[in-house]
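Good morning, everyone. Please bring up the structure and keep the sequence beside it. I'll go through it piece by piece.

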There are 2 protein chains.
Amino acid sequence: MAIESALAALSLQASTGTGLPTKTLVFKPKTAKTATPVPVVVIALAETATNTKLIATAAGVKEPRLANEDLVQEFFGVTAKQFSIANIDASLKDQIKVVVDENILKGESEIFTFASESGALSLEGKTVAAFLAATGVEVIPVDFSAAPVAPAAKPAPKAASAALDAKLIGVTVDKFLDFPGWYSQILTKGEMLDYYDVSGCYIMRPSSYAVWERIQEWFNVRIKKMGVSNVYFPMFVSSKVLEREKDHIEGFAPEVAWVTRAGNSELDEPIAIRPTSETVMYPYYSKWIQSHRDLPLKLNQWNSVVRWEFKHPQPFLRTREFLWQEGHTVHMTFGEANAEVMQILDLYAGIYEELLAVPVVKGIKTEKEKFAGGYFTTTVEGYIPATGRGIQGATSHCLGQNFSKMFNIVVENPDTEKYGEDEKLFAWQNSWGLSTRVIGVMVMVHSDNKGLVVPPRVSKDQVVVIPCGITAKTTKEEEAAIMAGARAVETRLREANVRAFGDYREIYSPGWKFSDAELKGVPLRIEFGPKDLASASVTCVRRNDGQKETVALADLETAIPALLEDIQATMLAKARKTFDEHRVTVENWADFVKELNNKNLVVAPWCGIMECEEDIKDSSARNGEEEEEVDEKAPSMGAKSLCIPFAQPEMKEGTKCVKCEEKAKLYCMFGRSY
Amino acid sequence: MAIESALAALSLQASTGTGLPTKTLVFKPKTAKTATPVPVVVIALAETATNTKLIATAAGVKEPRLANEDLVQEFFGVTAKQFSIANIDASLKDQIKVVVDENILKGESEIFTFASESGALSLEGKTVAAFLAATGVEVIPVDFSAAPVAPAAKPAPKAASAALDAKLIGVTVDKFLDFPGWYSQILTKGEMLDYYDVSGCYIMRPSSYAVWERIQEWFNVRIKKMGVSNVYFPMFVSSKVLEREKDHIEGFAPEVAWVTRAGNSELDEPIAIRPTSETVMYPYYSKWIQSHRDLPLKLNQWNSVVRWEFKHPQPFLRTREFLWQEGHTVHMTFGEANAEVMQILDLYAGIYEELLAVPVVKGIKTEKEKFAGGYFTTTVEGYIPATGRGIQGATSHCLGQNFSKMFNIVVENPDTEKYGEDEKLFAWQNSWGLSTRVIGVMVMVHSDNKGLVVPPRVSKDQVVVIPCGITAKTTKEEEAAIMAGARAVETRLREANVRAFGDYREIYSPGWKFSDAELKGVPLRIEFGPKDLASASVTCVRRNDGQKETVALADLETAIPALLEDIQATMLAKARKTFDEHRVTVENWADFVKELNNKNLVVAPWCGIMECEEDIKDSSARNGEEEEEVDEKAPSMGAKSLCIPFAQPEMKEGTKCVKCEEKAKLYCMFGRSY
């Protein structure tokens with residue numbers, strides 16, 4: 001352990017035995033985008049409430065929030081759970097500030113225990129003080145008992161305190177007060193995902209991978225009906241091939257990961273890991289397509305791609321490796337290609353709305369935002385209520401003939417009457433992709449301060465059965481009857497193809513199990529206790545809205561699937577209502593920024609000119625405030641064009657662009673976005 | 001084109017216009033393992049038969065065979081189809097030999113056209129001679145008309161000529177005369193796979209990926225019933241984590257691919273691409289498993305792994321990236337772990353026998369051959385009749401407590417009566433994997449000189465419907481009735497969940513379509529012509545054995561699925577018979593080598609001592625002959641222990657080891673192998 005060598009250097013001694021338990025936390029203050037953050041380490045007695053206002057004042061920083069895993073990793077080289085006082089050393093001088101509970105510094109010969117996942121260490125108060133002094137980091141003693149009694153939580157004090165009341169197993173961060181912290185907790189505590197020791201990579205645990213598998217099944221059935229076949233192309237690309245389409249590669253080059261060594265041998269030429277597969281596949285398309293009879297060619301692959309972004313990573317939304325499907329198809333005519341682009345876009349909307357219960361807006365990207373090297377890009381765009389930001393859901397591109405000309409995907413014209421005069425016809429191509437990002441959107445939209453809320457159609461488990469009401473007074477016979485009854489409910493549901501499981505763990509109370517199932521987002525809880533036994537029924541509690549319902553045992557096989565479908569529909573309706581309320585049509589610029597600041601997306605008349613689009617983005621950034629880091633920029637970033645919705649509001653004669661003085665050509669949806 | 005600059009340097013001119021067509025082929029002679037091969041380029045008139053005996057004599061080499069893609073790539077940097085005279089230059093001096101048709105060299109001012117996928121070039125005979133002379137490569141003029149009339153093909157002259165008779169679209173190499181050449185053709189012409197421009201990587205086209213998808217479906221259903229969940233761990237591993245288990249990593253280190261750069265930035269530390277995921281996953285297992293209630297933990301992932309082997313690659317069997325599933329499970333006791341190892345092994349045997357119609361032998365690996373760092377390895381072993389070699393099918397490992405001790409996967413003992421006295425219990429772990437190698441084994445076992453033969457249960461398409469008997473004399477009405485009848489057959493089969501398609505392409509004759517479907521391995525061909533129309537029946541031809549059968553139209557929905565199942569059963573029975581005939585039990589060393597040379601696997605009594613196992617391998621190599629390259633070593637390589645079969649022959653009292661003088665402990669299956 002690091003501190004041991006540090007202490008040795010100080011000629012100080014770690015105490016044996018156990019002392020007063022402490023906690024060591026890392027906070028990140030609000031920081032200008034261009035500046036490196038200075039984390040604030042807080043060391044306090046475990047029982048002390050570490051009020052953030054007090055920390056802010058003491059450390060002279062703005063809005064400290066619990067730091068995310070990546071920041072802790074970056075500064076201390078360990079996870080938050082492994083972090084302790086032992087990880088502070090002289091190299092961190094001027095890099096961090098350390099706020100220490102006065103009770104510890106004053107506790108001369110009192111013993112304090114510093115425990116983390118990496119181990120525990122007990123030290124006298126004076127040793128702590130000496131150690132910190134020796135490292136040279138800025139140490140700020142604080143009397144936490146001086147905290148104001150009721151810390152004023154700005155937007156939603158009630159929710160905040162509810163979150164703070166949550167049990168240890170539960171979520172301790174409020175969705176609307178600290179969205180990134182909440183998102184991270186909900187995913188890890190809900191066991192969807194775990195952080196990984198390579199930055200920007202995450203582990204998809206069973207409950208998130210199950211969502212992905214359901215999406216795969218649903219989508220595969222439908223694309224196969226359209227004549228698409230699945231294939232697998234290699235993950236490696238030679239640099240020569242990667243760089244063949246210039247516009248296209250420019251978008252990806254800064255993020256390409258390169259393999260330069262195998263075993264102990266340097267490779268003759270570095271080999272790239274695919275960031276997407278256009279240039280991987282199309283040389284072979286050119287070879288395989290020799291005649292119009294080889295068209296259409298429709299291939300898709302489920303794979304992982306790598307984009308080594310240096311921006312702040314975020315689980316599911318921005319990760320260095322991610323899973324997706326990428327379809328690549330080739331057609332004789334624009335008409336065919338275009339029809340497929342729209343069909344696929346409808347399937348993407350179906351994945352969001354029918355499976356994930358997340359409403360989306362279909363539309364087309366502006367020239368500025370379209371896929372590099374393509375002809376046009378269609379998109380489904382979602383909305384994250386907690387941040388008021390838009391999010392791109394999935395894109396279906398028509399590539400036109402750009403790639404076919406570059407890669408010589410060409411056939412002889414079989415019918416000049418039908419296809420025009422040209423002897424050679426360059427094929428029309430599409431590519432379309434949907435990634436595991438969808439899971440992040442689903443979690444952000446539905447989940448709450450109790451944990452995950454997962455729509456029944458995609459959740460790994462749909463129903464948890466929990467035996468209840470067994471107390472010291474319960475007779476052996478009654479207990480056996482309740483347990484047997486609960487197991488029978490589980491078995492019957494499984495046989496009716498409901499993904500049900502029973503939580504029969506003896507050491508946990510029903511209440512604990514309720515919280516655990518809520519944390520994990522199981523859509524329906526079925527309680528089975530003495531009353532249920534007596535009345536031959538079960539008590540159902542819906543995860544999404546907490547509504548209770550009694551279902552007769554006789555009706556299980558029909559009522560429970562119906563209930564699950566109702567939960568699914570209710571979730572979609574609720575999310576749709578929210579999205580509809582936060583998609584505001586405005587006609588003038590003053591309203592534009594106002595509505596944006598009200599956490600809305602705005603649909604506004606627009607001239608269609610790229611310079612104006614850029615002006616809109618710049619002008620809608622909150623100039624008064626300091627710019628923040630990318631991942632937390634919601635309140636101040638400028639609005640991008642998200643899409644030109646297919647469903648256009650009717651435009652009145654003479655309508656002008658929301659920003660410039662030009663005539664408006666169409667309505668465009670703008671928003672701050674991910 | 002390369003030759004243009006070369007010609008420019010020579011002050012020579014390429015002719016315009018078209019001349020006599022030529023062909024340019026690359027042969028690889030038999031070469032000692034330690035030596036670099038010297039390819040023989042043959043340039044001849046297109047119509048000239050380029051007899052290999054003659055080439056061998058002229059060039060002074062042994063057994064020249066058409067070179068595979070990788071060799072051509074290695075020497076000339078292009079694919080065989082792109083290769084032409086233009087790719088020969090001075091840098092190849094002493095690296096290659098060029099055998100040239102005398103007709104070309106003598107053809108002074110005659111014009112010859114050299115065409116490849118990369119373009120065509122016409123040159124006068126003297127220009128060709130001057131160009132080749134200028135490169136400095138060894139040029140050997142040959143009069144191909146001097147070839148012996150009937151080249152003696154050793155083992156199977158009849159099959160050989162049959163293959164040579166095959167149409168251009170078909171396979172032109174005989175399975176038993178040139179197995180690697182046949183395998184490569186069958187995969188590419190059958191459209192299962194294509195070669196890729198990164199060496200050792202291949203493209204899985206729809207018909208091979210479909211086999212993989214069927215395996216996934218079958219296996220997923222069964223492991224999920226066992227309580228296994230699918231997950232996805234990142235493909236990247238930090239070097240620290242990768243190297244944590246020493247024995248284990250030693251086996252993989254020389255083949256690990258390293259990412260050292262992203263965009264233009266060098267990474268601080270190189271990051272490995274997983275060769276397998278034990279060390280990727282187990283740190284997290286340690287974190288997630290806190291109590292005996294967290295056991296068993298059963299996770300599986302379908303992913304790609306990278307092993308940058310420098311040995312000769314072979315599609316499906318040895319590729320630098322391959323797809324597989326890897327299961328990683330954790331149990332309280334050895335009993336549980338062991339039971340699962342065997343259950344999984346049964347599933348692997350099921351994939352081979354029930355889906356791929358490939359018989360396997362189940363058994364356990366010797367200490368020498370087991371998984372590095374594991375406790376024991378079980379395996380299913382197959383047999384490739386054409387080469388007489390064994391092939392490892394898939395392995396299910398019990399890792400014991402080795403990894404759990406290394407990664408601290410430990411729980412408190414909840415019940416000392418049940419689990420013994422120790423306070424802490426290290427978990428018992430398994431890992432098990434099956435890769436796309438299975439597809440290669442399937443192809444090698446069943447396919448023939450006409451093309452692929454794919455078992456109906458896994459083939460992408462099961463039935464092709466071909467309208468027949470339409471001639472110039474056919475009336476419009478009759479033609480329409482035949483076409484409509486064929487389409488109706490297709491539709492009815494699809495509705496009965498048979499994967500049927502119709503081949504209605506007008507430019508091809510039925511005969512051409514038959515060959516095409518045979519090449520691609522469609523299990524059943526249904527012909528529908530005037531006679532079938534008249535008799536309300538269809539004519540069925542089975543791909544596996546060419547048997548014809550008439551099925552009444554009325555019975556389609558029952559008879560065709562039954563026929564497909566019969567094909568499946570027939571294929572398995574035939575392959576099993578062959579394997580059984582070539583798995584020979586021997587008791588003494590003289591028979592051991594003899595039977596090995598007869599293309600058999602041998603089951604022999606063995607002492608169980610590792611040194612003896614090594615001695616068997618060394619002694620069974622054909623010492624008299626030169627050692628060849630790994631990929632072609634079948635005839636001479638030594639025999640490895642493949643497995644100790646679970647089904648042991650009864651051992652007589654006093655039986656001695658087949659090799660040494662020790663008492664035999666058990667029967668072990670040995671063989672030359674992949």
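Let's start with strand E24 of chain A, residues 524-528. Five of its five residues are buried, so the rest of the structure largely encloses this strand. Keep in mind that this is a predicted model. Which residues lie on each side of E24(A)? Leu524(A), Ile526(A) and Phe528(A) are on one side, and Arg525(A) and Glu527(A) are on the other. Both faces are covered. In general, side chains in a regular strand alternate between the two faces of the sheet.

Arg525(A) is at 11% relative accessibility, and buried means under 20%, so Arg525(A) counts as buried. Glu527(A) has a relative accessible area of 10%, so it is buried by that cut-off too. What do the side chains of Arg525(A) and Glu527(A) meet in? A salt bridge, at 2.8 Å from N to O. Side chains of opposite charge can pair when their charged atoms come close.

Next, the strands paired with E24(A). Strand E22 of chain A, residues 463-467, runs parallel to E24(A), and five bridges join them. Within that pairing, Val463(A) has Leu524(A) as its bridge partner. Strand E25 of chain A, residues 537-542, pairs with E24(A) in the antiparallel sense, over four bridges. There, Val541(A) in E25(A) stands opposite Arg525(A).

Over to chain B. Take strand E22 of chain B, residues 463-467. Five of its five residues are buried, so this strand is also largely enclosed by the rest of the structure. Val463(B), Val465(B) and Pro467(B) point one way. Val464(B) and Ile466(B) point the other way. E22(B) pairs in the parallel sense with strand E23 of chain B, residues 500-502, over three bridges. Val465(B) stands opposite Gly502(B) there.

Helices can be enclosed as well. Among the buried ones are Met281(B), Tyr284(B), Tyr285(B) and Trp288(B).

One single residue before we move on. Ser673(B) lies in the segment after strand E30 of chain B, 666-671. Is Ser673(B) buried or exposed? It is at 5% relative accessibility, so it counts as buried. Setting aside neighbours within four places in sequence, its contacts are Arg389(B), Gly390(B), Met637(B), Lys640(B) and Leu642(B).

Now the interface. 60 residues of chain B are in contact with 60 residues of chain A. How much area is buried between chain B and chain A? About 5,100 Å², with 60% of it from carbon and sulfur atoms. Tyr196(B), Tyr232(B) and Phe236(B) supply 13% of the area that chain B buries against chain A, more than any other three residues.

Between chain B and chain A, the count is four salt bridges. One of them joins Lys287(B) to Asp194(A), with the closest N and O atoms 2.9 Å apart. Strand E12 of chain B, residues 257-262, gives the most to the side of chain B that touches chain A, with six residues. By class, that side has 38 nonpolar, eight polar and 14 charged residues.

Strand E12 of chain A, residues 257-262, runs antiparallel to E12(B), and five bridges join the two. Trp258(A) has Arg261(B) as its bridge partner.

Last topic: salt bridges in the whole structure. How many are there over all chains? The search finds 60. Take Arg492(A) and Glu557(A), whose closest N and O atoms are 2.8 Å apart. This pair links distant parts of the chain, 65 residues apart: Arg492(A) is in helix H16 and Glu557(A) in helix H19. Arg492(A) is partly exposed, at 26% relative accessibility. Glu557(A) is partly exposed too, at 33%.

In chain B, Glu661(B) forms a salt bridge with Lys656(B), at 3.4 Å between the closest N and O atoms. Glu661(B) is exposed, at 62% relative accessibility. Lys656(B) is partly exposed, at 44%. Finally, salt bridges that share partners join Glu191(A), Asp503(A), Arg505(A), Asp516(A) and Lys520(A) into one network. Thank you.

Terms used:
Residues numbered from 1 in each chain as written. Chains lettered and ligands numbered in written order. Predicted model: local features only at pLDDT ≥ 70, side-chain atom pairs only at ≥ 80, totals over all residues. Heavy atoms only, no water. Buried < 20%, exposed > 50% of the residue type's maximum accessible area, 1.4 Å probe, protein only. Pairing = 2+ DSSP bridges. Contact = heavy atoms within 4.5 Å. Buried area = accessible area lost by both parts, 1.4 Å probe. Nonpolar A, V, L, I, M, F, W, Y, C, P; charged D, E, K, R; others polar.
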